Amino acid sequence: MTRETLPHFLHASGRTFGKEEEQLVLEALRSGCLSKTGGSLVKRLEREFAAMLDLPFAVACSSGTAAVHLCISALHLEPGDEIIVPPITDIGTILPILWQNAVPVFADVEPLTMTLDPKDVSRKITSKTRAIIAVHLAGQMCEMESLRKIADERKVALIEDCSQAYWAEYKGKLAGTIGDMACFSLQQSKHVTCGEGGLLVTRNQEFAQTAGLFADKAWPRDINSLGSGRFLFLAQNYRMSELQGAVALAQIRKVEKIVARRRHSADSLSCLLTNLTAVSAPHIPAHTKHSYWLYMLHVTQPENGTHTQKIGDALAEQGVPAWVRYIADPLYLSPLFTQPATYGTSGYPFREYGAQKFERGLCPQAEAALDSVIAIHWNENLNSDHVKDIAAAIQLAAKQ
Ligand SMILES: Cc1ncc(COP(=O)(O)O)c(C=O)c1O
């Protein structure tokens, strides 16, 4: 098997662009207006995406990282406020916290799903905690009932980061519908994409209004015509363009089918792996439905990661694209935190407000979990032959 034979998210083979995207891009071009301010496509995207999740509000923006920032902007944080995050995620979950002069506080993850461990979240809450960001990793939802309960009892916001988990489910509820706000990424590798882009959804009108303003320089356009120069608060330009909106609109209309196809092929692979002992299929709690951004293969005896690396190397040799460990280390071991490399040499906000020491041992379950995982890139265009090839490659690799 060669890498070219498997559909990949960086090629047309692994994406679902077609006539629908072409038509809407043409519509945008022919309208003569490529900015959301004068156009209709980004606004349609917002309306349709919110309706698909049965929520009243959505705000589109320029990236998933921007969408996290929009959620955080709606909380009107004070410098030094804390937000609880998992250490296994994309750094885009965390960067906006620092840009708001707030402090990310890492809570450990559950060993098998690598999503936030509610018990550790409870331990990490302080009087300064303002929110918990529940990252649904690889398509697996967090233990949302417990997190919702903690957030309500402690009166902090619950933000769902659904960038990797379009249409995943928890007890019949879609990802993005349980938190106070949720964000999605439309970056190239995601279930649906417009190259770069993001979406926030919420049922809270005030959050939606603040986020909408934050994405647009806090410029109240309804009452404030061009040049009148009344800007309401410190904000960003995170606007999505009409070209991105056109592609994203066509893409979100396909999301349900894309997730169904990913689920079907991933389930087939899991069936083909049942008699292996060296590796096992992703752990999926019975009350959740995975949406398979990645297929998290678990190595039974990781030997501090060395065995995992060998199996990963053997998979790579056979052309199966995968990230051994998903990310090299928990994010708190990045120089951003360990130096810290933030605002010049100030160490702000950690030196002023931080309580955690960013060193090995901070989240032991996360550290151990990464040793045992190989994140196979999953794709809606994998057919049954591809799945059989991947299973055969795993069987061979598992003999390492
Ligand atoms: C969980 C998670 N959050 C946030 C982001 C940031 O999204 P973007 O890359 O679109 O800024 C990503 C992207 O990979 C992600 O996977």
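**Strands, pockets and surface features of the predicted model**

Within strand S5, leucine 158 is the bridge partner of isoleucine 132, strands here being DSSP runs of E with at least two residues and helices DSSP runs of H or I with at least four residues, numbered from the N terminus. The structure is a predicted model, in which local features need pLDDT of at least 70 and side-chain atom pairs count only at pLDDT 80 or more, whereas totals for chains, interfaces and linings use all residues. Residues are numbered from 1 along each chain as its sequence is written, and side-chain values use heavy atoms, with hydrogens and water left out.

S4 and strand S5 (residues 157-161) run parallel and are joined by five bridges; two strands are said to pair if DSSP finds at least two bridges between them. Isoleucine 132 in S4 also stands opposite isoleucine 84. S4 is mostly covered, since six of its seven residues are buried, where buried means under 20% relative accessible area, exposed means over 50%, and partly exposed lies in between, with a 1.4 Å probe and protein chains only.

Strand S2 (residues 82-85) is joined to strand S4 (residues 129-135) by three bridges, the two running parallel, and to strand S3 (residues 103-106) by four bridges, again in parallel. Glutamate 82 stands opposite threonine 129 in S4 and opposite valine 103 in S3. In a regular strand, side chains alternate between the two faces of the sheet. In S2, Glu82 and Ile84 point one way while Ile83 and Val85 point the other way, and all are buried.

A further three strands form an open sheet with antiparallel pairing, in the order S7-S6-S11. Strand S7 (173-174) and strand S11 (288-289) each have a single partner strand and stand at the edges, so one side of each is left without a neighbour in the sheet. Between strand S6 (residues 169-170) and S11, which run antiparallel, there are two bridges, and tyrosine 170 stands opposite threonine 288 in S11.

Empty space was examined next. Rolling a probe the size of a water molecule over the atoms shows where such space is left. On a 1 Å grid over the protein atoms alone, a cavity is a set of points where a 1.4 Å probe fits but cannot get out, and a pocket is an open set with protein on both sides within 12 Å along at least five of seven lines, lining residues having an atom within 4 Å of a point. The largest pocket has a volume of about 700 Å³, a volume being the space filled by probe spheres set on grid points that are joined across faces, edges and corners. Its lining comprises 24 residues, of which Lys36, Glu46, Ala208, Gly212 and Leu213 lie nearest the centre of the pocket. Helix H2 (41-52), strand S1 (57-61) and helix H7 (205-214) are the elements that give two or more residues to this lining, and H7 gives the most, with five residues.

The structure also holds two cavities of 30 Å³ or more, and the largest cavity has a volume of about 80 Å³. Among the residues lining the largest cavity are Leu112, Met114, His283, His290 and His298.

Several backbone features are found in loops. The peptide bond from glutamine 339 to proline 340 is cis, with omega near -15°, and a cis peptide bond with omega of about 5° joins tyrosine 348 and proline 349. Proline 340 lies in the loop between helix H11 (335-338) and helix H12 (350-353), and proline 349 lies in the loop between H11 and H12 as well. Histidine 76, in the loop between helix H3 (64-73) and S2, has a phi near 50°, a positive value in a residue other than glycine, and counts as exposed because its relative accessibility is 52%. Glutamate 303, although not a glycine, has a positive phi of about 50°; this glutamate is placed in the loop between strand S12 (294-299) and helix H10 (306-317), and it is partly exposed, with a relative accessible area of 48%.

On the surface, Leu26, Leu29, Leu34 and Leu243 form a nonpolar patch with about 310 Å² of accessible area together. Patches are made of residues with over 30% relative accessible area and no salt bridge, like charges being joined within 9 Å and nonpolar side chains (Val, Leu, Ile, Met, Phe, Trp, Tyr) within 5 Å; a salt bridge is a side-chain nitrogen of Lys or Arg within 4 Å of a carboxyl oxygen of Asp or Glu. Accessible areas come from the Shrake-Rupley method with a 1.4 Å probe, and for residues only the protein chains shown count as cover. Leucine 29 lies in helix H1 (residues 19-31) and counts as partly exposed, at 48% relative accessibility.
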